[in-house]
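Please consult the sequence and the structure shown here.

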Amino acid sequence: RCENLVEVYFQLQQQVMAASTELGPELLPRLLERFNEVLSSLVKSSFLVEKQPPQVLKTQTKFQASVRFLLGPRLLKAAPKPYVVRADMVTEKQARELELSTYSNTLSESTGEILHNTVALETNPTSGTCCANFKNVLLKKIKRCERKGSESVTEEKCAVLFSTSVALTPSNVSIHLQVLSLPIVVIVHGNQDNNAKATVLWDNAFSDIERVPFVVTERVPWEKMCDTLNLKFMAEVQTTKGLLKEHYFFLAQKIFNDHSASLEDFQSRHVSWAQFNKEILPGRGFTFWQWFDGVLDLTKRCLKSYWSDRLIMGFISKQYVCKLLSTAPDGTFLLRFSDSEIGGITIAYVIRGKDGSSQVENIQPFSAKDLSIRSLGDRIRDLGQLRNLYPNTPKDQAFGSHYNSEQGG
């Protein structure tokens, strides 16, 4: 489509030049100037990021990216040698200035040092594409900005600016091309990864397509947050079984710290960035996102098949578990994600006395490390006090396909 527009442009330009005598000395220069503006705008918009850099980027770690010039095969085929595309780190402030500036839109200073940051813009005759492939890039160091108030380094967004200048044939007009990557959070240590992912998720999910870099809302409807958590969960775990209405209810109670509201009450509320990943959950040492990400990681690594078979209730409070199990037969159990630990799953089961009284016990949560030593299915088989998965499925029937062939330990 871009190429078609360029062809139309050149045809119109030829027609204008052919009618130059009729147009006169005043109108012709104005028309030609306007043509150059249209061409420049069209060409600049055809310079795109094809493969984005990682949105959480660790210093001293190699990464890949690529840019594509859609009009390159048409406009650069007579170039004497390939043009070079440069990659630079820019701050959010610099990205904003580059986007809004009508006078100077070239970068004055890079905010970080990138090695192997220049690559030839090459045309592939077979595929008819014109690309610059950055295969061995390394962010050596990053220069941090001054932050606002309580903002942490993992809330600081920057981007990679890809830029080059080309001379178009046959007109020989010089045009500066530049394009920004998606927002990037730079980390220097693996323990920052979790919070960096939160910043990226919030930005990707809740920013407007057309925006000043990299402005994003501070508050979103809870329903939008539910959709985001569900999509994230299914994508990370790689399952078709998403979150259910009762899961959202538990998550709302957790993030809003409200156990008296109804499901309908939560649907009309807004959740803030602070509630998502700045405020520590009551009585805990972590935020809502840190807890949820721990569940994601555990499920992805150790529990995918159990979750996909709907054997894990998961997102349910200890109080509600007691309510469900208190009237169930002796040995009835269910699986829920730990409230007190990041990335843990616990088994709750009911013991019924001879007098009919019931007591709900919670087994110490299992971590990913525990489950890598012995699987959840085999642990359930080992525990004789567990009989039926809530409400009434015999455990061998529910978990039999998840047992390993060797007998219990």
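Q: Is Trp307 buried or exposed, and what is its relative accessible area?
A: The model is a predicted one, in which local features need pLDDT of at least 70 and side-chain atom pairs count only at pLDDT 80 or more, while totals for chains, interfaces and linings use all residues. Residues are numbered from 1 along each chain as its sequence is written, and side-chain values use heavy atoms, with hydrogens and water left out. Buried means under 20% relative accessible area, exposed over 50% and partly exposed in between, with a 1.4 Å probe and protein chains only. Trp307 is therefore buried, its relative accessible area being 0%.

Q: Which aromatic pair does Trp307 form with Phe233: stacked, edge-to-face or tilted?
A: Rings of Phe, Tyr and Trp (its six-membered ring) pair if their centres lie within 6.5 Å; planes under 30 degrees apart count as stacked, over 60 as edge-to-face and the rest as tilted. For Phe233 and Trp307, the separation is 4.8 Å centre to centre, and with 50° between the planes the pair is tilted.

Q: How many residues apart in sequence are the parts that Phe233 and Trp307 tie together?
A: Helices are DSSP runs (H or I, at least four residues), numbered from the N terminus. Phe233 lies in helix α6 and Trp307 in helix α10, so the parts tied together by this pair are apart in sequence by 74 residues.

Q: How are α6 and α10 oriented to each other?
A: Axes are lines fitted to C-alpha atoms over the stretch in contact, and angles run from 0 to 180 degrees between N-to-C directions. The axes of α6 and α10 are 9 Å apart, and the helices pack at an angle of about 45°. Angles under 35 degrees count as roughly parallel, over 145 as roughly antiparallel, 65 to 115 as roughly perpendicular and the rest as oblique. The angle therefore makes α6, relative to α10, oblique.

Q: How are α7 and α10 oriented to each other?
A: Helix α7 (residues 245-256) and helix α10 (residues 288-308) have axes that come within 12 Å and cross at roughly 155°. The two helices, α7 and α10, are therefore roughly antiparallel.

Q: Which residues of α10 make the contact with α7?
A: Contact means heavy atoms within 4.5 Å. From α7, the contact is made by His247, Phe250, Leu251, Lys254 and Ile255; from α10, by Phe288, Trp291, Phe292 and Trp307.
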